[in-house]
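These exercises go through one protein chain step by step. Try each task on the structure before reading the solution.

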Amino acid sequence: MPITCSKTYPDIPLAHRQPHHDGHCRFIHGHSWTLRITFETNALDRNGFVVDFGQLRYLKQWIDEHLDHGILLGHDDALGKSLVAAQPGLFKAYYLEHPSCEGLAAEVFRVFSELVAKHEGDRIRVTQVECWEDPRNMTTYTPKS
């Protein structure tokens, strides 16, 4: 019988913009994002854990390297790309198909699933990513089995 646990990474300072939005979201703006990752296993480890949270430093390192104090930009955001190119070292850009809460949740699911498989083997798996751009707005990404 599967059992789950979750790890939360709060207060990630990260900007983004929606280049196709007809309102204020088309401007660069930031949020204090939160990610919650849910893990699942059919067999607890010898400590009785789904996953040892202390051994997940590689996930926090990925967040710090790619997201912390960065900006999410769309692959098709020509203006965003030109700003990054014009000012090397000013932006830590991470490109997504959709630079939204939904897009980030799906991307974190993909990346973290690969990292967990690499570091933990096949005993555990990522099953869900919840992503808040602020305390009022969030999305949940749970792929079809």
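**Exercise 1.** In which sense do β5 and β6 pair, and over how many bridges?

*Solution.* The model is a predicted one.
Step 1: locate the two strands, β5 at residues 124-134 and β6 at 137-141.
Step 2: read the pairing, which is antiparallel and spans 5 bridges.
Step 3: find a pair of residues to check; Met 138 in β6 has Trp 132 opposite.

**Exercise 2.** Describe the elements of the chain and the order of the strands in the sheet.

*Solution.* Step 1: count the elements; the chain has 3 helices and 6 strands.
Step 1: follow them from the N terminus, which gives β-β-α-β-α-β-α-β-β.
Step 2: place the strands side by side. They form an open sheet of 6 strands in the order β4-β3-β1-β2-β5-β6, and the pairing is mixed. The edges are β4 and β6, each of which pairs on one side only. From one strand to the next, the twist averages 35°.

**Exercise 3.** Is strand β3 buried or exposed? Which strands does β3 pair with?

*Solution.* Step 1: apply the cut-off for buried, under 20% relative accessible area. In β3 (residues 70-74), 5 of the 5 residues are buried, so the strand is largely enclosed by the rest of the structure.
Step 1: look at each face. Gly 70, Leu 72 and Gly 74 are buried on one side, and Ile 71 and Leu 73 are buried on the other.
Step 2: find the partners. β3 pairs in the parallel sense with β1 (residues 3-16) over 3 bridges, and Leu 72 is the bridge partner of His 16. β3 also runs parallel to β4 (residues 93-96), joined by 4 bridges; here Gly 74 is opposite Leu 96.
Step 3: β3, α2 (residues 78-86) and β4 make up a right-handed β-α-β unit. α2 lies across β3 and β4, at about 140° to β3.

**Exercise 4.** How do helices α1 and α3 cross, and which residues meet there?

*Solution.* Step 1: take the axes of α1 (residues 57-66) and α3 (residues 101-120); they come within 10 Å and cross at roughly 145°. The crossing is right-handed.
Step 1: list the contact. From α1 come Tyr 58, Leu 59, Trp 62 and Ile 63; the residues they meet in α3 include Val 108, Phe 112 and Leu 115.

Note on methods. Residues are numbered from 1 along each chain as its sequence is written. This is a predicted model: local features need pLDDT of at least 70, side-chain atom pairs count only at pLDDT 80 or more; totals for chains, interfaces and linings use all residues. Side-chain values use heavy atoms; hydrogens and water are left out. Axes are lines fitted to C-alpha atoms, for helices over the stretch in contact, and angles run from 0 to 180 degrees between N-to-C directions. A crossing is left-handed if the near helix is turned anticlockwise from the far one by less than a right angle, and right-handed if clockwise. Contact means heavy atoms within 4.5 Å. Buried means under 20% relative accessible area, exposed over 50%, partly exposed in between (1.4 Å probe, protein chains only). Two strands pair if DSSP finds at least two bridges between them. A crossover is right-handed if, with the strands pointing away from the viewer, the path from the first strand over the helix to the second runs clockwise.
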